[in-house]
Amino acid sequence: MKNPFIYSNDNKRYHTFNYYLKNTYHEKVFKVPLDGGFTCPNRDGSKATGGCTFCSALGSGDSIIHHEDIMTQYEEGVKLLRKKWPHGKGMAYFQAYTNTYGPLEKLKELFEPFVQREDVVAVCIATRADCLNDENIAYLDSLTSYKDIWVEVGLQTIHDETAQRINRAHDFACFLKAIDKLSKTNCKICVHIINGLPYETKDMMIETIQTIASLPIHAVKIHMLHLLKNTVMANEYEKKPFHILTLEEYVEIVCEQLTYLPKEIIIERLTGDGIASELIAPLWTIKKVCVLNEIDKYMARNNIYQGMNNSKKICD
């Protein structure tokens, strides 16, 4: 059966990040994860303590090559990735913790050296909605004159009761305000969500993606919940286990979610890269390629593709 999805040059029935990168930069591009030495407002006590209950001690930066000097982190990351892609170019990805949670001078000190590097095609900045004020949004927008600037905003869920349960320390209304402000800039917006959060139903996960589909964003990352050792959520699970999605459940949910997203929205991720030695559950997420293959097979078998239940078009 011919693939009906237009933003694809292979068997994928969704708008992959790889497709976007190849058609935008016309060469291999990879993300180099970085730790800029930030923390989060729900860790340091300004809003809460302990961080999101699912988050590791490294603030979701477990795969980063840690070094005090940020440029050394980048160089070592590039060296590692070029073993697989010798001629690839990098995107500087500020991944760990909340990368706009600090004074403007710190943001300038960290981001501008990468904006100035010719071999860096874009800068990606992972952050939270409550750490995007007018000043730093205007600063990030100013950088778009030189490089593509991606702002990756962690949402996880639209449901405030879940957000409160996982110690997110801000509500959905806060997220919507941040997206509205970012949409008035030249920054590219990526939204992160997590499927399988404690006590969320399939309908709740579908509602999250349907709501995101109506927003002026450019990309999404969909993650399966990882239950990691030494996290608050792992301790809660040990005392009172909750349902962890099976591979079959996850694949079905993700495939349905994709049908509601406009075709133009880039899918940066459909599963996670948890550190195997720290993972408690679900163990099936370790085999990332197998998960992606199951998604491909499910979509082909059921003749579904991204956007088939959504006619919305996003702006350039």
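A: In strand β6, Ala219, Lys221 and His223 point one way, Val220, Ile222 and Met224 point the other way, and all are buried. The model is predicted, so local features need pLDDT of at least 70 and side-chain atom pairs count only at pLDDT 80 or more, whereas totals for chains, interfaces and linings use all residues. Residues are numbered from 1 along each chain as its sequence is written, and side-chain values use heavy atoms, with hydrogens and water left out.

Q: Why do side chains in a strand point two ways?
A: In a regular strand the side chains alternate between the two faces of the sheet.

Q: What makes β6 a largely enclosed strand?
A: Buried means under 20% relative accessible area, with exposed over 50% and partly exposed in between, for a 1.4 Å probe and protein chains only. Six of the six residues of β6 (residues 219-224) are buried, and therefore the strand is largely enclosed by the rest of the structure. The strand itself is a DSSP run of E with at least two residues, while a helix is a run of H or I with at least four, both numbered from the N terminus.

Q: Why is the β-α-β unit of β5, α7 and β6 called right-handed?
A: A crossover is right-handed if, with the strands pointing away from the viewer, the path from the first strand over the helix to the second runs clockwise. The unit made by β5, helix α7 (residues 202-213) and β6 is right-handed, so its path is clockwise in that view.

Q: What makes Ile137 buried?
A: Ile137, in helix α4 (residues 134-143), has a relative accessible area of 6%, which is under 20% and therefore counts as buried. Leaving aside residues up to four places away in sequence, Ile137 touches Leu132, Lys181, Leu182 and Thr185, where contact means heavy atoms within 4.5 Å.
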